[in-house]
Amino acid sequence: MKSKTFVWGAAAIVLAGCASVAPAPDYGAMVSEMMRNSFRDEGIAKTDRLVQDPANAACSQAMGADLPADVASSIEKDAMKTVRFPADGKFIGDWREGEKLAQNGRGMTWTDKSTATSANGGNCLNCHQVTKEEISFGTIGPSLYQFGKNRGVTDVQSAEARPIVEYTWGKIYNPRATNACSNMPRFGHAGLLDETQMKDLMALLLDPKSPVNQ
Amino acid sequence: MLADGNPAELFEAKGEELWKSKRGPKAATLEQCNLGKGPGVVKGAFVELPRWFADTAKVQDLESRLLTCMENFQGFDAKAIANTPFGKGEQANMSALVAWISAESKGMRFNLPQAHAQEQKNYELGKRAFYYRGGSHDFSCASCHGESDKRIRMQDLPNLTGNPGDGVGFAAWPAYRLSNGQLWGMQQRLNDCFRQQRFPYPGFASDVTIALGVFMGVNAKGAESVAPALKR
């Protein structure tokens, strides 16, 4: 055993000597292999969830650093193309329903029964302040308190409010349209919430009567 | 600070008993198990895990190392234990063993070895697993544990990309959880992280859990272990 260790040590020294020409280890392939052999299906959470689209792959490989500007801009452009506005042209639902969704952090874990959008919450309060009254809020995302008011929205149906309305819809639908490696889930693009649910969240954020804007 | 009356002590007592009891098909104790500091050395072993083991040619954390010892000395089927749900059968005994073994290093500081090439490789793989985004919500470990001074709802989140401090993050598990009266080892803690991350199910002692243990453990260098801790 001892001699084996010694040989290993000697080999390491030889390797270190030519480290400048040795190819870097292919961690990408090793990580893919590790993820493949470490997980199994459980309930609704299948191993296909480990497959990364180009955006998730790029944001993972950056390991917390900023992406090169051209890569970020290409992810944002691709994400922008995925955003679909409501089929009936109406963006604003019921803020009361939106508030329930914001409170609801459930959905899509292996202990949840269904992948239907009706089984999913918006998870908003896990990461964002939403109203003044609810003090149990997370801080991973920015505060959304007075989201509409701060942006001067007094009439959500007005032409002046339209750019903010479209921007907000895009943020909920696919936040990568404006921030390549946003921490936020892609609620519309990933099919986590349906149009009605997203409209209710829009109302929560933008309706002047919503507790968000008091 | 929460040491007084931590119910984890009950698990510790059971774990010490299990370590010294003749059990399994071979009716043997675990007293010759090598946790990294030599056969039978328990004190100080926990704060140096995961580490490389020459006999298995693997980097192992406390729980995967215990599987090896339970198989080699006692004749248990390691695979069957790994496939047993948390809290049932030999997994319940596993919880008690990790409670006692970690308690034997209480107050000591994490100092994982990184001399072996496989330990270094596991750190690199663990780092990449930590930032691996996927699942329905595009989350990675870093989504919650990549920055300091953040929280989910009211729950403070340790930044696990560095050393978040004594008795925080990696240095606070295993732990007794008041909310469900269970003693959770790091494997179960990681399992629940992946559940909330909306990932599929990680195998007990699977490669990704070991690599993440190395990444977090090396980052926690110098942090004082308070395990088994008390959690809400």
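This is a predicted model: local features need pLDDT of at least 70, side-chain atom pairs count only at pLDDT 80 or more; totals for chains, interfaces and linings use all residues.
Local features need pLDDT of at least 70 and side-chain atom pairs pLDDT 80 or more, whereas totals for chains, interfaces and linings use all residues. Residues are numbered from 1 along each chain as its sequence is written, chains are lettered from A in the order in which they are written, and side-chain values use heavy atoms, without hydrogens or water.

**View 1. The interface of chain B and chain A.** Here 38 residues of chain B are in contact with 49 residues of chain A (contact: heavy atoms within 4.5 Å). The two chains bury about 4,200 Å² between them, 60% of it on carbon and sulfur atoms. Buried area is the accessible area, with a 1.4 Å probe, that two parts lose on being put together, summed over both. In chain B, R133(B), R153(B) and Y201(B) lose the most area to chain A, together 21% of what that side buries.

**View 2. Polar contacts and chain B elements at the interface.** Across the interface, 24 residue pairs are in polar contact, both residues at pLDDT 80 or more. A polar contact is a pair of N or O atoms within 3.5 Å; within protein, one must be able to donate a hydrogen and the other to accept it, and residues adjacent in sequence count only if both atoms are side-chain atoms. Helix 5 of chain B supplies six residues, the largest share of the side that touches chain A. Helices and strands are DSSP runs numbered from the N terminus (helices: H or I, at least four residues; strands: E, at least two).

**View 3. A salt-bridge network at D53(A), R186(A) and D138(B).** These residues are linked in a network of salt bridges (a side-chain nitrogen of Lys or Arg within 4 Å of a carboxyl oxygen of Asp or Glu). R186(A) meets D138(B) at 2.8 Å, N to O. The count between chain B and chain A is one salt bridge. Within chain A, D53(A) and R186(A) pair with their closest N and O atoms 3.0 Å apart. D53(A) lies in the loop between strand 1 (39-40) and helix 3 (54-61), R186(A) in the loop between helix 8 (162-173) and helix 9, 133 residues apart. R186(A) is buried at 8% relative accessibility; D53(A) is partly exposed at 26%. Buried means under 20% relative accessible area, exposed over 50%, partly exposed in between (1.4 Å probe, protein chains only).

**View 4. The salt bridge of R162(A) and E166(A).** The closest N and O atoms are 2.8 Å apart. The residues are four apart in helix 8 of chain A, so about one helical turn separates them. R162(A) is partly exposed at 37%, and E166(A) is partly exposed at 28%.

**View 5. An aromatic cluster in chain B.** Y123(B), F130(B), Y131(B) and F215(B) form one cluster. Rings of Phe, Tyr and Trp (its six-membered ring) pair if their centres lie within 6.5 Å; planes under 30 degrees apart count as stacked, over 60 as edge-to-face and the rest as tilted. The count over all chains is 14 aromatic pairs. F130(B) and F215(B) form a tilted pair, 5.1 Å centre to centre with 50° between the planes. F130(B) lies in helix 5 (residues 117-130) and F215(B) in helix 8 (residues 207-219) of chain B, so the pair ties together parts 85 residues apart in sequence. F130(B) and F215(B) are buried.
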